[in-house]
Amino acid sequence: MDDIDLPALRDKLIAIALQAGSMITSASASMNRSTGNQSKAASTKKNSADLVTETDKAVEDFISSTLKQQYPTFSFMGEETYVPGNKLGPEPTFIVDPIDGTTNFVHGWPYVSVSLGFAVGRVPTVGVVFNPFTRKLYHGIKGQGSFLRIMRDDGKASGHGGDEDAETKLPLRYPSGVAGLDECVVAIEYGSDRSGANWRTKIDTWAALGASKDEGGAMVHSARALGSAALNLCAVAEGSIDVYWEGGCWAWDVCAGWVVLTEAGGRVVDGNPGAWDIPVDHRKYLAVRAAETGQTELVQEFWGFIKGRMEYEH
């Protein structure tokens, strides 16, 4: 990895993310025009879903072709071109989700991102996450910190002195100690798997997290289901969300956000109790925000409320 210019690679990913974001917002505008006068059922089944599929593929094609031209010897793993059974190897690999939050995209909820990760030795090393609707761009390099920029439409960061002067080092909130779950906002997601043991583990755990302490629950301060794994991790990196628990998502959902979060002092551990060190393609994750003290205790407290065990194939 010493021979890879990581800041230059990060800058290329930022440029690609901004262009991909323009593709997404243009497709969103087209979708709104084409579905505005049709019934909900018709627009969902015939227009929105088809357009999302086309946009996902078009954005990933743009990203992959650009990266292969600039880094021809590096591997590529993307959501749209992933072949089941393919494993993430140790070679330098771009791990990409062209549209993270496709359900949000269809419904016009502006919690959507381009997620561009880069791993070496299966370790998340560079991450860029861009929400083209809010113009929030997160980026990080392993060992070099992570940052937030608010991008203008002209591709510059908001501020007086250009990109560097306009970005803010993460986290935005850094309390001396992290409180217990009863003072935490927790991000959770339904996911697409709504049956079987994994689903039962999720809903039983959610019930335990929300229940009052008198009934044996954690009584978390509140919960959010926002619909983008990459942006959820970035929200934990900011400190606006305290904990994010997930099962069933993929490496391309979390690789970029993982870098942003861990470089902001946060931590990613097993979504099941017990393992403190997991690979990026583990598919079961618990993320907690930065704090001087209490981070380990918060993980252990959360593990104590997990009911059952999530099992997802890599």
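Me: How many bridges join strand β1 to β2?
Reply: This is a predicted model, in which local features need pLDDT of at least 70, side-chain atom pairs count only at pLDDT 80 or more, and totals for chains, interfaces and linings use all residues. Residues are numbered from 1 along each chain as its sequence is written, and side-chain values use heavy atoms, without hydrogens and water. Strands are DSSP runs of E with at least two residues, helices runs of H or I with at least four, numbered from the N terminus, and two strands pair if DSSP finds at least two bridges between them. Strand β1 (residues 75–78) runs parallel to β2, and Gly78 stands opposite Val96 in β2; the number of bridges joining the two strands is four.

Me: Why is strand β2 largely enclosed by the rest of the structure?
Reply: Buried means under 20% relative accessible area, exposed over 50%, partly exposed in between (1.4 Å probe, protein chains only). Strand β2 covers residues 93–100, and it is largely enclosed because the buried residues number eight of the eight.

Me: Which residue in β3 is the bridge partner of Thr93?
Reply: β2 and strand β3 (residues 113–120) pair in the antiparallel sense over six bridges. Within β3, the partner of Thr93 is Ala119.

Me: Which strands stand at the edges of the five-stranded open sheet?
Reply: The order is β9-β8-β10-β12-β11, with mixed pairing. Two strands each have a single partner, so one side of each is left without a neighbour in the sheet: β9 (222–224) and β11 (267–270).
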